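Student: Can you walk me through this one? I'd like to start with the charged pairs.

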Amino acid sequence: MNLSDCLDDPQNDQLQMDLTAAYEEYMNKVEYIVTQSITFYNNISYTILGDDGELHTNIKLYPKNVVTIQEEGGESYAIVRAIFTHKYNDTKKCAFILVDWLRNTQQFETILRCLIYEKQRPTNRRWHCIYLISIISNLLHVQFLHCCTGTCQVSLHDTTNIQYLKNVFLYKAV
């Protein structure tokens with residue numbers, strides 16, 4: 001990921017700006033971030049409780065999972081790039097995800113007729129990329145497949161190819 005565990009590292013400038021924006025937008029915290037260390041995780045598990053306090057769903061999330069994020073205009077998709085925690089100035093630890101958005105190109109792959117999505121490029125900063133982990137309240141079974149070209153190999157995808165296919169052929173057995 002090329003991210004260090006210290007926010008004041010110059011390579012984390014964008015991460016620090018996005019984290020500051022996340023604190024402001026979701027928690028109304030606008031102070032300078034004192035704690036500069038973050039902790040990355042290989043996965044995270046948590047339980048969502050219903051309004052009645054009963055178990056609603058268990059979530060287990062990994063980097064590279066594609067997640068559905070509910071927005072005002074409907075559903076959007078993103079690839080989890082990283083899972084991390086940060087301790088704010090009030091010493092409360094919060095869990096966050098860093099995502100790369102998938103943009104619907106409104107085009108279809110010619111053979112499978114699946115919608116083509118493009119992964120957000122690192123230089124595209126139009127959308128927020130850091131969210132509280134609680135934005136993921138369930139894991140829908142949506143699959144995306146890398147839209148391989150001649151430059152992909154069996155064991156290694158061409159990372160310069162940012163196209164993904166939304167798998168419309170996934171069925172739930174009844």
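Tutor: First the rule: a salt bridge is a side-chain nitrogen of Lys or Arg within 4 Å of a carboxyl oxygen of Asp or Glu. Keep in mind that this is a predicted model.

Student: How many salt bridges does that rule give?

Tutor: The count comes to two. In one of them, Arg81 pairs with Asp100, and their closest N and O atoms are 3.3 Å apart.

Student: Where do Arg81 and Asp100 sit in the chain?

Tutor: Arg81 is in strand β5 and Asp100 is in strand β6. The pair links distant parts of the chain, 19 residues apart.

Student: Is Asp100 buried or exposed?

Tutor: Asp100 is buried, because its relative accessible area is 11%, and the cut-off for buried is under 20%. Arg81 has 27% relative accessibility, so Arg81 counts as partly exposed.

Student: And what does Arg103 form a salt bridge with?

Tutor: Its partner is Glu118. The closest N and O atoms of Arg103 and Glu118 are 2.9 Å apart. This pair also links distant parts of the chain: Arg103 is in strand β6, Glu118 is in strand β7, and 15 residues separate them.

Student: Why does Glu118 count as partly exposed?

Tutor: Because Glu118 has 21% relative accessibility, and buried needs under 20%. Arg103 is at 37%, so Arg103 counts as partly exposed as well.

Student: Which side chain of opposite charge is nearest to Glu109?

Tutor: Arg113, but it is 7.3 Å away. Glu109 has no salt bridge, yet it is buried.

Student: Where is Glu109, and what does it touch?

Tutor: Glu109 lies in the loop between β6 (93-108) and β7 (115-119). Leaving out residues up to four places away in sequence, Glu109 touches Cys114, Ile116 and Leu165.

Student: What about charge overall?

Tutor: There are 15 positive and 19 negative side chains. The centres of the two sets lie 6 Å apart.

Student: Switching topic. How many helices and strands?

Tutor: One helix and 10 strands.

Student: What about the nonpolar cores?

Tutor: In general, nonpolar side chains in soluble globular proteins tend to be buried together. Here the largest nonpolar core has 17 residues. Ile44, Tyr46, Leu61, Val67, Ile97, Ile133 and Ile136 have the most contacts inside it.

Student: Which elements give two or more residues to this core?

Tutor: They are β2 (44-49), β3 (55-61), β4 (66-71), β5 (74-87) and β6. The largest share, four residues, comes from β6.

Student: What is Ile97 in contact with?

Tutor: Beyond its neighbours within four places in sequence, its contacts include Leu61, Val80, Phe84, Cys129, Tyr131 and Ile133. Ala82 is in contact with Ile97 too. But Ala82 belongs to a second, separate core of 16 residues, which also includes Leu7, Cys94 and Phe96.

Student: How much of the protein counts as buried?

Tutor: Of its 174 residues, 37% count as buried. The protein exposes about 11,200 Å², and carbon and sulfur atoms supply 51% of that area.

Student: And the dimensions?

Tutor: Along its principal axes, the C-alpha trace spans about 55 × 45 × 30 Å.

Student: What share of contacts join residues at least 24 apart?

Tutor: It is 52%, counted among contacts between residues at least 6 apart in sequence.

Conventions. Residues numbered from 1 in each chain as written. Predicted model: local features only at pLDDT ≥ 70, side-chain atom pairs only at ≥ 80, totals over all residues. Heavy atoms only, no water. Buried < 20%, exposed > 50% of the residue type's maximum accessible area, 1.4 Å probe, protein only. Contact = heavy atoms within 4.5 Å. Areas by Shrake-Rupley, 256 points an atom, 1.4 Å probe, with all protein chains shown as cover. Lys, Arg positive; Asp, Glu negative; His and termini not counted. Charge placed at Lys NZ, Arg CZ, Asp CG, Glu CD. Core = buried A, V, L, I, M, F, W, Y, C linked by side-chain atoms within 4.5 Å.
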